[in-house]
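Open the model in your viewer and keep the sequence panel beside it. The stops below are meant to be selected one after another.

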Amino acid sequence: MEITAIYPGSFDPITNGHIDIISRGLNIFHKIIIAVMNHPGKKSLFTAEERKEMIEEIYGDEARIEVDVFKGLLVDYVEQRGANVIVRGLRVVSDFEYEMQMAQMNRKLDTRIETVFMMPREIYSYLSSSLIKEIASYGGNIDCFVPKSIKTRLEAKFNAPPDA
Ligand code: PNS
């Protein structure tokens, strides 16, 4: 049976940690739909369309990856796509409480849905999009944390005039 998994997140921006999870996911699932969503509590640096475009640049013609933008409830999106698996990365124990709460709530909202957790390589366990943005905003070195195309986008964002 060919299983399609939904990998939702803010991806503001996508990092090597996310990319590591996606690679692992492709070893298990036939197709992964990367769903760029807005986290209600976070103000994003990039628009959802920019985030989608940045991910598409990385995956190019990879037929088993699709990138999409969705505003609304994750369970509604999963249903809409005819899927029933959500993939989430678990980096450290402190991620667990929030992730478990979301997984349980999503399962309550839609009993068909299973959340599968995957662990990235240890070197990405302390990596987050928020830290990358902070380091990039001060001109720090992020070379080993994001692809070159993402680094270029971050530099452009932080070097742009305030209302650009
Ligand atoms: O990368 P993030 O910010 O940790 O991703 C969180 C995200 C976007 C997956 C989560 O906030 C989400 O699912 N948002 C969509 C709205 C929703 O369904 N909320 C209820 C979750 S139980």
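The tour goes from the sheet to one of its strands, then to the helices and a loop residue.

This is a predicted model, in which local features need pLDDT of at least 70 and side-chain atom pairs count only at pLDDT 80 or more, while totals for chains, interfaces and linings use all residues. Residues are numbered from 1 along each chain as its sequence is written, and side-chain values use heavy atoms, with hydrogens and water left out.

**The sheet.** Show the strands as a cartoon. Five of them form an open sheet with parallel pairing, in the order β3-β2-β1-β4-β5. Strands here are DSSP E runs of at least two residues, and helices are H or I runs of at least four, numbered from the N terminus; two strands pair if DSSP finds at least two bridges between them. Because β3 (65–69) and β5 each have a single partner strand, they stand at the edges, and one side of each is left without a neighbour in the sheet. On average, neighbouring strands are turned by 30° against each other, direction ignored. Such angles are taken between N-to-C directions, from 0 to 180 degrees, with axes as lines fitted to C-alpha atoms, for helices over the stretch in contact.

**Strand β4.** Select residues 85–89. Of these 5 residues, 4 are buried, meaning under 20% relative accessible area, with exposed over 50% and partly exposed in between (1.4 Å probe, protein chains only). Towards β1 (residues 4–9), β4 pairs in the parallel sense over 2 bridges. Here Ala5 stands opposite Val85, and Ile6 has Ile86 as its bridge partner. Towards β5 (residues 114–118), the parallel pairing has 5 bridges, and Ile86 is partnered by Thr115.

**The helices.** Select α4 (residues 93–109), which makes a right-handed β-α-β unit with β4 and β5. Right-handed means that, with the strands pointing away from the viewer, the path from the first strand over the helix to the second runs clockwise. α4 lies across β4 and β5, at about 175° to β4. Then select α1, which lies across β1, β2 (31–36), β3, β4 and β5 and runs at about 150° to β2.

**Thr15.** Which loop holds Thr15? Thr15 lies between β1 and α1 (16–26). Thr15 counts as buried because its relative accessibility is 3%. Its side chain reaches the backbone nitrogen of Gly17 at 3.1 Å. Now display the residues that Thr15 touches (heavy atoms within 4.5 Å): not counting residues up to four places away in sequence, these are Leu127, Ser128, Ser129, Ile132, Phe145 and Val146.

Terms used. Polar contact = N/O pair within 3.5 Å; in protein donor to acceptor, adjacent residues only side chain to side chain.
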